[in-house]
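Hello,

Here is the structure for your review. My notes follow below it.

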Amino acid sequence: MRTRTALAVAAAAMAALTAGCSSGGGAGGAGGAGGGDQAGPVSLKFLSLAWQKESIAANKQLVDEWNKANPTIKVEYVQGSWDNVNDQLVTSFEGGDPPDVIHDDSPALAGFASRGYLMDLTGKLPADLKSDIPQPAWDTVTFADGKGGQGVYGVPFLQESQVIIANKKLLDAAKVRIPTPDSPWTWDEYAEISKKLTKDGAFGVAWPLKSPVNKVLNLGLNFGGTFFTTDGTKATVKVGPEEREVLQRIHDQLYKDRSADPSALGMGTADPLPGFYAGKYAMLPAGVYLRQQVVEQAPADFEWITIPPLKGTTSEQGATSQTLSVAADSKYPDQATKFISFFLNSTNQAKLAKGDWLLPTSVKAASDPSMTTTENGWDVATASAKDLVVAPYLRVNGFDEWKSKVATPTLQQYFADKITLDQAAKTLVEEGNKVLERYNK
């Protein structure tokens, strides 16, 4: 979902994962949810990838609350890192000793599910949890089970939308319309405003596109661009008129309107922030989580606002989810599911979303006052969740290789104005399909 700063815990997490992740004597006592007649508490390991200070605190607090209320189902918090979690998990899965409860994101689940590493949660979750999360979020965790069917391999609980962080003083000085979730800017309006804000050596916008693929593909849905056509397990790359819209519009800002700074192209998401605070850029398209860094780093007198997602022919954006799953090899799957149901109830989702500066999937959590306050743009951020749909690339076997070997270098060349849109489209399709063919069955 985003680039995470590495936590200095990789060795400790690896040791915890391989030291034996499911232990304990059984589900004896009133707190057990099945698991045999042996005496003693059940012990579960929960691998968490929370990395921000507030998020780690929220995670640990909820684990403590669970343990106090459920003395017969003890949950041990294990700190992991987004930087290397999937390699660690493969090692623990292959060794038959994975964590019982696993925090990850939906793109990783498809491969794990197809290899039988994760438990299918279909029919195993409480009705109130299932109904509180909209179907588009469940779609991000529903994958082929390797047996001709589909299963639900995680509970989606956090998502990210793309918004615009803007310098309020510059917008007010230019007398531009401030959009609302019910009346967003169109891409055309955004282009005109970006030009209006470009003056006196400053640019209307900075597009940090060091890693351009997910951003482009998620925004492509604004115009119905899916970039892939799928038929069962087979996928082919598609770059038609719908997919070209966002590509062309960003390129136009860079080289036709000259309202976007080309020097920002090689930057990561947060890298333009110093220039943003200094007035070099009026607007930054970014994930909703970037608001936290603005709150923590911006000068005291800096005024900023969160602009709702742009609208093309639609306001839809592609989304993935952070998830909690149960290992197929867990000795205590019922207890693990019970813990997840507690951990991700609506009250707790609001706490987790606040700590991570992301969007809860729970409808009830989204209505929590902490999620709807105008402070720090939470009202605008939370409202943007309504237009999130499953990212089409989640259904594409071989997407990661296509992304790294074909799409990333091709889009970087296109946005650097080294190749034309026609050349970029040709490469994405022809070279991309060669990659995907190896995965198509």
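Contact here means heavy atoms within 4.5 Å. The model is predicted: local features need pLDDT of at least 70, side-chain atom pairs count only at pLDDT 80 or more, and totals for chains, interfaces and linings use all residues. Residues are numbered from 1 along each chain as its sequence is written, and side-chain values use heavy atoms, with hydrogens and water left out.

Two loop residues

Val-288 sits in the loop between β12 (281-287) and α12 (290-297). Helices (H or I, at least four residues) and strands (E, at least two) are DSSP runs, numbered from the N terminus. Setting aside residues up to four places away in sequence, Val-288 touches Glu-160, Ser-161, Val-163, Trp-357, Leu-358, Leu-359, Ala-381 and Ser-384. Its relative accessible area is 0%, so Val-288 is buried (under 20%; exposed is over 50%, partly exposed in between; 1.4 Å probe, protein chains only).

Ser-384 lies in the loop between α17 (378-383) and β17 (388-390). Ser-384 is buried too, because its relative accessibility is 4%.

Helix pairs

α2 (residues 53-69) and α13 (residues 333-343) have axes that come within 11 Å and cross at roughly 125°. Axes are lines fitted to C-alpha atoms, for helices over the stretch in contact; angles run from 0 to 180 degrees between N-to-C directions. The two helices, α2 and α13, are therefore oblique (under 35 degrees is roughly parallel, over 145 roughly antiparallel, 65 to 115 roughly perpendicular, the rest oblique). From α2, the contact uses Asn-59, Leu-62, Val-63, Glu-65 and Trp-66; from α13, Lys-338, Phe-339, Phe-342 and Phe-343.

α8 (residues 187-196) packs on α10 (residues 241-255) at about 10°, axes 11 Å apart. So α8 is roughly parallel to α10. Trp-187, Asp-188, Tyr-190, Ala-191 and Ser-194 of α8 meet Val-246, Arg-249, Ile-250 and Gln-253 of α10.

Core

The largest nonpolar core has 130 residues, and Phe-228, Met-283, Trp-402 and Phe-415 touch the most other members. Helix α18 (residues 399-415) gives this core its largest share, seven residues. Such a core is a set of buried Ala, Val, Leu, Ile, Met, Phe, Trp, Tyr and Cys residues joined through side-chain atoms within 4.5 Å. Beyond four places in sequence, the contacts of Phe-415 include Leu-209, Pro-212, Ile-250 and Leu-265.

Best regards
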